[in-house]
Amino acid sequence: MPSLEKLLTDHRTKFCDNYSLLPFRFSHIAPEKYFLSNFAGEYFVVNRQELEALIKHNLSYDSELYNSLKSRHFLLDRDSTVSVDMLSTKYRTKMSFLRQFTSLFMFVTTRRCDHSCIYCQVSHRSKSDEGFDMTEEIADKAIDFMFKSPSPAIKVEFQGGESLLHFDVVKYIIERTTHKNLSEKRDVQFVITTNLSNMTREILQFCMEHQVYISTSLDGHKELHNHNRPRYGGDSYNETIEGIAMVKEFLGSDKLSALMTTTKMSLKYPTEIVDEYIRQGLSSIFLRVINPYGFASSEDNDFSYDITEWIQFYKSVLAYILELNYSGINFREDFSSLILRKMLTPFPTGFVDLQSPAGIGISGIVFNYDGRVFPSDEARMLSAMGDDFFCIGNLLQHSFKEIMLSDFLLDTINTTMTEGMPECYECGFQPYCGSDPVRHYRMQGDIIGYKPTSDFCRKNYEVIRHLILLLEDNKKAAKVLRYWA
């Protein structure tokens, strides 16, 4: 029996009396189940017999399957010539993030930190170290650089180290950006990423006046959080919980978000971690894997794991969250929500890890404390390990045009379009996945990477596949997942 790939190749461009095929990809997701997707992210699940009939142009004109595939732009007949225009319009909508250009700008205000997280990805320096803070001169150049982006919406995110250890420059950047925006008239949003240990009522009062959002880390219950995120001479869990309460009091729950990083110890507590988030009044959780940078890159650590373990952990957590939703508790998993948005709506997401071409530079830019510019936070993390491969310039030496139109950045973006990548171009999940050139360079020595052994690809593939099967086979779960999207 010829392979389905050969059948598709033989018949892809064939036109017959009843219909012709529009471009699509497919993946085998379960026994007798194949997942079909087109460029715009429309999808359909069929069995092998139905797929063969489609490819061989043997579908009955008046069948339900024929009309469903026609409505989702998988085939074209003489009565549906408008489908090509509709498909191109949907594809333009999916790729609209490219038209807006760079909208996320991360300011690394300091590399110093008062925590010693076991998986620290930025190779932080101690609280008392000198020479690791952003100056006002560099902040000014970063703000001027930022407003050269044509994006109508700008998100300013403060990172560290611990950003609040250098709050003076955070305050300076917010005030100067706000003033400059009186004439620029952009939609500007501020986010401070912080462990909350240095949060004060005075800082929160300032945040309230400037509509600042707060992003923090909560790894779970007290034992787990303190294990993952120890603090010199203190209890990081108690300080985080006190900080969360303060933020909610001043700014409200809608201005606060939290994420967790999964360590080997975390794998033991799928339900307890979610329970902690609910106990703190949080409405969602982002299940994040450990990234191979900074302290987390050490080969002799005892907190990393195989990606297969994380996938099983993810499925356990998601199952528990769905059960909570069935019982009336409105709580979501954010990584799933991002993928579902790409699957179930016409719109893209701003999450750079799920973009093609890769979101580096064109979606996000990082201004390091010392003036160096990176196309992603992971690129900055790699630099902290001594590898400046992805450094694209310096605010003190290069202009916006020199940095954003550099051959290195443009070549990297061009190379990371999954529509043409080996393995990716024929994968049914391509419209919902993305590209991570920094991680692939770090782990495999190549910005494209070798997909069969890529943890990034394995994670995304299994998460997407799991969500598809839930949407197809579990009506209760599908109702919740569609609501998240």
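## Helix faces, cores and hairpins

In helix H16 (residues 407-415), Leu409, Thr412 and Ile413 are buried. The model is a predicted one: local features need pLDDT of at least 70, side-chain atom pairs count only at pLDDT 80 or more, and totals for chains, interfaces and linings use all residues. Residues are numbered from 1 along each chain as its sequence is written, and side-chain values use heavy atoms, with hydrogens and water left out.

Buried means under 20% relative accessible area, exposed over 50%, and partly exposed in between (1.4 Å probe, protein chains only). Helices (H or I, at least four residues) and strands (E, at least two) are DSSP runs, numbered from the N terminus.

Seen down the axis of H16, the buried residues fall within an arc of 100 degrees, so they line one face of the helix. The arc is that of the directions from the helix axis to the C-beta atoms. Asp407 and Asn414 are exposed on the other side of H16. The buried residues of H16 pack against helix H15 (400-404) and helix H17 (437-444); contact means heavy atoms within 4.5 Å.

Helix H6 (residues 136-146) buries Ile138, Ala139, Ala142, Ile143, Phe145 and Met146. These cover an arc of only 160 degrees around the axis, which puts them on the same side of H6. Their packing partners include strand S6 (104-108), helix H7 (167-184) and H15.

**The cores.** A nonpolar core is a set of buried Ala, Val, Leu, Ile, Met, Phe, Trp, Tyr and Cys residues joined through side-chain atoms within 4.5 Å. The largest has 127 residues; Phe107, Ile214, Trp310 and Phe367 have the most contacts inside it. Helix H12 (residues 307-326) gives the most to this core, with 10 residues. Trp310 touches, among others, Thr262, Leu267, Tyr305 and Val463, not counting residues up to four places away in sequence. Apart from this core lies another, of 18 residues, among them Tyr19, Tyr34, Leu36 and Phe44.

**Strands around S3.** In strand S3 (residues 33-37), four of the five residues are buried. Two strands pair if DSSP finds at least two bridges between them. The table gives the pairings of S3.

| Strands | Pairing | Opposite residues | Residues between strands | Positive phi |
|---|---|---|---|---|
| S2 (residues 25-30) and S3 | antiparallel, five bridges | Ser27 and Phe35 | two residues | Glu32, about 65 degrees |

S2 and S3 form a hairpin, with Glu32 in the turn.
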